[in-house]
Amino acid sequence: MSLPLDGILVVSMEQAVAGPFCSNRLKLAGARVIKIERKDGGDFARGYDTAAEGESSYFIWLNQGKESIALDLKTKSDRHIFLNMVAKADIFIQNFSPTTVTKLSIDSSSLKSINPRLICCDISGYGEAPEMMKKKSYDLLIQAESGLIDVSGPPEGLGRIGVSICDIGAGMAAHAGIVESLLLRERFNKVKDVKISLFDVAADWMTVPYIHSKYGGAAPKRVGLKHPSIAPYGAFRCSENTSFIISIQNESEWKRFCVEVLKSPALAKENKFSSNTLRVKNRDLLDETIQSILSSLTDKTLKNRLEDASIAYGRLNTVKDLSLIHI
């Protein structure tokens, strides 16, 4: 069966996670991806770890099925090879710094003089503002500077989000932008380039905390395995000490949860819990009340009650548990 991007050629001058993530998704959709690496060691993600039977887990994850060539664009012969590829490509992706792009003359205007139909995608850390374009950027730095860490984790301390979420988010945004540009080119014969920065993506995700901070007086506090503005929505234990994340999204679900899961119809009528706003305000009492009931239920009983009541839940799994899940 044909794939959506069969026949599309992607040339990607990429490293680490954001660029490779984007081109990986294009490859999975059928595109041919030629990955350009430096001659002095290649993509430095190759050396992040040796977890994949001696190979880097990051590199294996994002680069399967790509073709690769090592080039030094400062040399005439290698640059000739690169420009020949660009002339035939549909998409060019790069996630080097804006200053590096300028030095190597691989900016979109330079490449479009060779191939006017080329869609150029630039992924950077902070964009092209003069005061920021020279600043090096990596995932944890963006997590910190965007405020993402400030609203994540337990009340008692800060911590990095466990995966490279800003890199991944930028790669996803770049992928979406490229697919939109391909559609625009196909339908209207117009070419629109894509510019993505990790910081802009993370800042967009921070819209709700920002609105709370600007108009509500303060950003949501770190609440660990709870939702800062919805209750009950968080982790609860059953009698076997396994934990479930339980999510109540509206008043109808709250009533069903009280009646069918907690077997406490009176709780649904409690004034302190009569709206989501009040439940959040009285979260400590709410959670203590719910936990006191769930602590007497077995894992199986709680699971069955939640499913029968059509209440959303998820088990609090370990990474090892993930390998045992079959969907």
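The structure is a predicted model, in which local features need pLDDT of at least 70 and side-chain atom pairs count only at pLDDT 80 or more, while totals for chains, interfaces and linings use all residues. Residues are numbered from 1 along each chain as its sequence is written, and side-chain values use heavy atoms, with hydrogens and water left out.

I begin with helix α14. Helices are DSSP runs of H or I of at least four residues, strands are runs of E of at least two, and both are numbered from the N terminus. In α14, residues 299-308, the buried residues are Asp299, Leu302 and Leu306; buried means under 20% relative accessible area, exposed over 50%, with a 1.4 Å probe and protein chains only. These three lie on the same side of α14 because they cover an arc of only 70° around the axis, taken from the directions from the helix axis to the C-beta atoms. Lys300 and Asp308 are exposed on the face turned away from the buried side. The buried residues pack against β8 (243-247), α10 (251-261), α13 (283-294) and β9 (312-315), where contact means heavy atoms within 4.5 Å. Just after α14, Ser310 has a positive phi of about 55°.

I turn now to the pockets. A pocket is an open set of points on a 1 Å grid over the protein atoms alone, where a 1.4 Å probe fits, with protein on both sides within 12 Å along at least five of seven lines; lining residues have an atom within 4 Å of a point. Of the 41 residues that line the largest pocket, Gln15, Arg38, Phe96, Ser97 and Thr100 are the closest to its centre. Helix α4 provides the largest share of that lining, five residues. The second largest pocket is lined by 26 residues, and α9 (residues 207-216) gives the most, with three.
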